[in-house]
Amino acid sequence: MPMALPDPDIESLRPAGGKRSSKRDRILSIFLRQKGHLSADDLCDLVRREDAGIGRATVYRTLQWMVGAGIARKVDFGDGRSRFEPAHHHPRHFHMVCSMCHRSSEFLSSDVESLIDEITVARNFEASQTMVQIVGRCEECRTGKTSAPIDGATTEMVFARDALRIAIATERSGLDFYTRAAG
């Protein structure tokens, strides 16, 4: 089960025209406290632990509203179940998904970001959501060698590492540019 985070400020997330509802606010708050990828059923279980009066249909409608409002992202890891992850305060990232065990791993990439920007600018297209998935087989499924599970803390460290690599690559690119321009 995903790790819980502190309560977010729900008011700052409400999109224009979003209906006010105590049930919706409760579901949103529970969803945003989680780390990782939740199925609709996972979220229903979490919501029912806190408020047994909130029905499955309300949770499903709220998930769809959150996706439409840009608060949540819907992801599919090829196992027949959609999962949802918070989009708020979560950098745009990409997934590697094992086609055998369906585990996923998140990563950041300046190369992928640049390619997306290049494509959208060239076609005068304004992207509202980008999904990149690399599907293959993880080391454990390929070799039988068990690897440490990826949890929320590990994901944060991977994001920090990837962000640092992106910053260093950007600085190097700037240095190369100015060195060439000066020469």
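Predicted model: local features only at pLDDT ≥ 70, side-chain atom pairs only at ≥ 80, totals over all residues.
1. Three strands make up an open sheet, and their order across it is E1-E3-E2, with antiparallel pairing. Strand E1 (38–39) and strand E2 (72–76) lie at the edges; each has a single partner strand, so one side of each has no neighbour in the sheet. Strands of a sheet pair through backbone hydrogen bonds, either parallel or antiparallel.

2. Pairing of E2 with E3. Strand E3 covers residues 82–86 and joins E2 over five bridges in the antiparallel sense. Lys74 stands opposite Phe84 in E3, and Val75 has Arg83 in E3 as its bridge partner.

3. The hairpin. Between the strands of the E2 and E3 hairpin there are five residues. Within this hairpin, Gly78 adopts a positive phi near 80 degrees.

4. Helix H1 and the sheet. Helix H1, formed by residues 22–32, lies across E1, E2 and E3. Relative to E3, H1 runs at about 85 degrees.

5. Helix H1 and helix H3. Helix H3 consists of residues 56–68; its axis and that of H1 come within 10 Å and cross at roughly 70 degrees. H1 is therefore roughly perpendicular to H3. The crossing of these two helices is right-handed. On the H1 side, the residues that meet H3 are Lys23, Arg24, Ile27, Leu28 and Phe31. Their counterparts in H3 are Thr58, Val59, Thr62, Leu63, Trp65 and Met66.

6. Helix H1 and helix H2. Helix H2 spans residues 40–50 and packs with H1 at an angle of about 115 degrees, the axes being 10 Å apart. The contact involves Arg26, Ile27, Ile30 and Phe31 of H1, together with Leu43, Leu46, Val47 and Glu50 of H2. H1 passes H2 in a right-handed crossing.

7. Aromatic rings. How many aromatic pairs does a search of the whole structure find? The search finds zero.

Technical notes:
Residues numbered from 1 in each chain as written. Heavy atoms only, no water. Pairing = 2+ DSSP bridges. Helix = DSSP H or I, 4+ residues; strand = E, 2+ residues; numbered from the N terminus. Contact = heavy atoms within 4.5 Å. Axes fitted to C-alpha atoms, helices over the stretch in contact; angles between N-to-C directions. Phe/Tyr/Trp six-rings, centres within 6.5 Å; stacked < 30°, edge-to-face > 60°. Parallel < 35°, antiparallel > 145°, perpendicular 65-115°, else oblique. Left-handed = near helix turned anticlockwise from the far one by under 90°.
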